[in-house]
Amino acid sequence: MSGKVRQRTSANPTDSATVTINERILRECHTLYTNPEQGLVQIARKLGLSLLAPRKKISVLLIGNHSAGKSSFINWYIEEHVQRTGVAIETQGFTFVTSGRKRESLTGNATLHLYPHFKELADIEGVTEYLTTEVTTSKQKKFSLVTFVDTPGLVDGDMKYPFDVDRAITWLGNRSDLIFIFFDPIGQALCKRTLNLVETLNEQHSDRMRFYLSKADEAGHESDRQRVMMQIVQELCKRPGLNKTCFDMPTIYVPNLTSGKTTRCANQIEDVCKEIEKTINQTIQNTLNTLEKDCENIAGLIDNKLDVDSSAQSFNFRARGKGCLFTLLGCLLPALLCVALMASTLPEEMLQSSIGNDTTKMIKEFYVKPLEKVQKLIPKDYQLYVLAAALLFSFILLILARFARLKPTLSRKEKKQLREQREYVQNVVKKTKEKLYADYLQQSVAAQDFY
């Protein structure tokens, strides 16, 4: 089952509209990170920095009991019937719904290849066989920038899932940008499994979570809806982590499912769309801000690496100077001893014929005679020990010179490459970020407001 691809015909033809500005911004930011030649991820990895490429779309996780209207909401948002709906448990696994070039269905490993940042989900036993992706050509609302994750309907009792559903939903919640919790007014809103998951996710991601009373038009009269909402809120407030002020739970329902029936229930489903759009805008701003910070971090690491290399070169220069000095001293002492030995043992006529009369006199006057005076000061029994110590000292100096520790340094090619990468990050990537930010702001701010 896993990895198969099932092609379907689409109810909507491929949209020929151009890519939106927000979509282009996220794509270009993603490319700046993942470019195989000069991507920030690759540059940072060589510097020992781990970067994550931003996603091109936000992820919206939908949680609720079975028949809570999760799949119906997705179909309404994209204006295409992709997800099966009904009173029975229609969604038994996880379904990713995303916008693409053509209508297609992916299952199993194909889904994990499409979403590599979700590959760890396969570590949960049994989940892979229940992963599907529905690719549709819909461009309605902001769907080109959204990936919906539809989850299995949650129920209490003896219902057994083929995988650890609580762990899987929690894992997905940790990696989603928005988490929608749908409570339906017909008996299953207080499902303990749902409430337990909500409490777990709320501990770390309360800012991402949004609560909705779905299918609000089916709750009867206004008094019935109020009673249902009070019951849900009371049950939620029993949980310490969910007992908070300013709790909001708008009432929503899918308009085209009312079958022409008139209802006085306020429908706030458009607020859900605004929430998605708001999250998209925040994601774009965060992505651009993170891009600038990553550029600064990379430039700082490169500067630090070049500074460390410069310090290492200075250290090596001094170390080599000490090594040369130790070598000179280590060789000079034995050489002087050899000269003294030769001057005192060889006939004077041989020395004069070899190095000249004046040089012979100078050696005997300024070197041999002072050395003989020093030798007389040393008792004969210790002269051999002094000579051995002098030779040992010379040997130690030569060893120190030979094994002088040098710090590793960068080659000219490596330093040139680092400088080019720094220039690319500072002059190309940051300028691209400034242009993308300007394009983003121009959608809402007048041109004369730019400085």
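1. Which residues of H1 are buried? In this predicted model, where local features need pLDDT of at least 70, side-chain atom pairs count only at pLDDT 80 or more, and totals for chains, interfaces and linings use all residues, they are Asn-22, Glu-23, Ile-25, Leu-26, Cys-29, Leu-32 and Tyr-33. Buried means under 20% relative accessible area, with a 1.4 Å probe and protein chains only. Residues are numbered from 1 along each chain as its sequence is written, and side-chain values use heavy atoms, with hydrogens and water left out.

2. Helix H1 (residues 21-34) has 14 residues and spans 20 Å from its first C-alpha to its last, close to the 20 Å expected at 1.5 Å a residue, that expectation being 1.5 Å times one less than the number of residues. Helices here are DSSP runs of H or I with at least four residues, and strands are runs of E with at least two.

3. Leaving aside residues up to four places away in sequence, Ile-276 touches Ile-58, Phe-73, Tyr-77, Val-146, Phe-148, Leu-178 and Phe-180, contact meaning heavy atoms within 4.5 Å.

4. Helix H5 (residues 165-174) is largely enclosed by the rest of the structure, because 7 of its 10 residues are buried. Those buried residues, including Trp-171, pack against S2, strand S3 (94-99), S6, S7 and helix H6 (192-205).

Note on methods
Buried means under 20% relative accessible area, exposed over 50%, partly exposed in between (1.4 Å probe, protein chains only).
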